[in-house]
Amino acid sequence: MESLTQNNEQKIIVFEFFSGIGGMHEALKQINNLKILKIFPFDINPNANLTYLENFKIKPNAISIESFSLKDYENLLEENLTDNSTKIVWTMSPPCQPFTRQGNMEGLNDNRSTAFIHLMKNIFLKTKENFLPHYLILENVKNFEISEANKMLCESLLEKKYNFLQFLLSPIDFNIPNSRLRFYLIASKIKKFNNEGEYTNNINKIITGNNNFFNNLVLPKKDIKSFLNIDIENDYIKNSSYYLSKEILNRKSCLSMDITLLKNFSTNCFTKSYTKLFKGTGSILLLDEKLYKENLNPIDLFGHIRFFTPNEILKFLCFDENYYFPKDLSDKSKYKLLGNSVNVKVVNILMNYLFN
């Protein structure tokens, strides 16, 4: 395998399936000595595609993946794979609803799994040997690891003689102040994961939490205030609609808010329903810690408690500081997109291991 050294740039062609707002692309960009010759993003969400286009100047393929045929895939490679040293990469973040309790955990029986099934059965297992991806990375919610979808994925990888590892990781494992437990799988056609022993190619073995596997890749521990440069952000949103109104604070549902403080080192996972529901959708920031107490009355927090902004959640997800949303996109749309995105740093750490 070609190693990534200072003098050896690895060239790749990427198929970014279920590309969303480009978290996988962003993670690839942050790897040294990696040159993306061509990237083909696929997503049917118009707001995600607009955001992707704004940031990467590439227009995603806004087609249903089921309509992307084996011939389409092979034609793209025949046109663009002109150098034998170029590696093919697949990144995937399929719809997570089939593997969540809210989605009734119907797995492969859920219509939203159709695209993933198509990719594996009709392209991955049927393409020419030299058109198989050299590297593959998949992200999804916890419970994907025990699903029939993951069993199908692992069995397909074994059939094609890949080496793969599976993980359950959260940004909090790397001192990023956001809890977002996700399943990841990395696979290589050309590299063995010898140092992982029994975890390699074992469908039932999952690497969890930060451990020796990641060596010195843990970030310095920062509280929420220093991680977000909150003073600058707070000036921008002062007296804005991000602050919870008296009407909202009088609702009984406010009693289930997850309140966090600037000095804390964690926030709860932000979902696409953030700001619409309070339970299990993400943390809410209390700026004056003196007001925090047991059995508090939410209305007493008026003027001191607010939602995290979309820009702040982008920072929790470790997007580049220059990443931005289209100006005409509503906050509601931004929160939905963020709830469906990946944590760039966690993906980047796994990619670094995979490519190196």
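Modeller: Strand S5 (residues 163–169) and strand S6 (residues 182–188) run antiparallel and are joined by 7 bridges, where strands (E, at least two residues) and helices (H or I, at least four) are DSSP runs numbered from the N terminus. The model is predicted, so local features need pLDDT of at least 70 and side-chain atom pairs pLDDT 80 or more, while totals for chains, interfaces and linings use all residues. Residues are numbered from 1 along each chain as its sequence is written, and side-chain values use heavy atoms, without hydrogens and water.

Within this pair, Leu168 stands opposite Phe183 in S6. Both strands belong to an open sheet of 7 strands with mixed pairing, in the order S2-S1-S3-S4-S6-S5-S7; two strands pair if DSSP finds at least two bridges between them. At the edges, strand S2 (34–42) and strand S7 (207–208) each pair on one side only.

Helix H3 (residues 70–80) packs on the sheet, where it touches strand S1 (10–17), S2 and strand S3 (87–92), contact meaning heavy atoms within 4.5 Å. The direction of H3 makes about 155° with that of S1, on a scale from 0 to 180 degrees between N-to-C directions, with axes fitted to C-alpha atoms, for helices over the stretch in contact.

Helix H5 (residues 148–159) lies across strand S4 (135–141), S5 and S6, and runs at about 10° to S6. The axis of H5 also comes within 11 Å of that of helix H4 (residues 114–124), crossing at roughly 20°. Where H4 meets H5, Phe116, Ile117, Met120, Lys121 and Phe124 touch Ala149, Met152, Leu153, Ser156 and Leu157.
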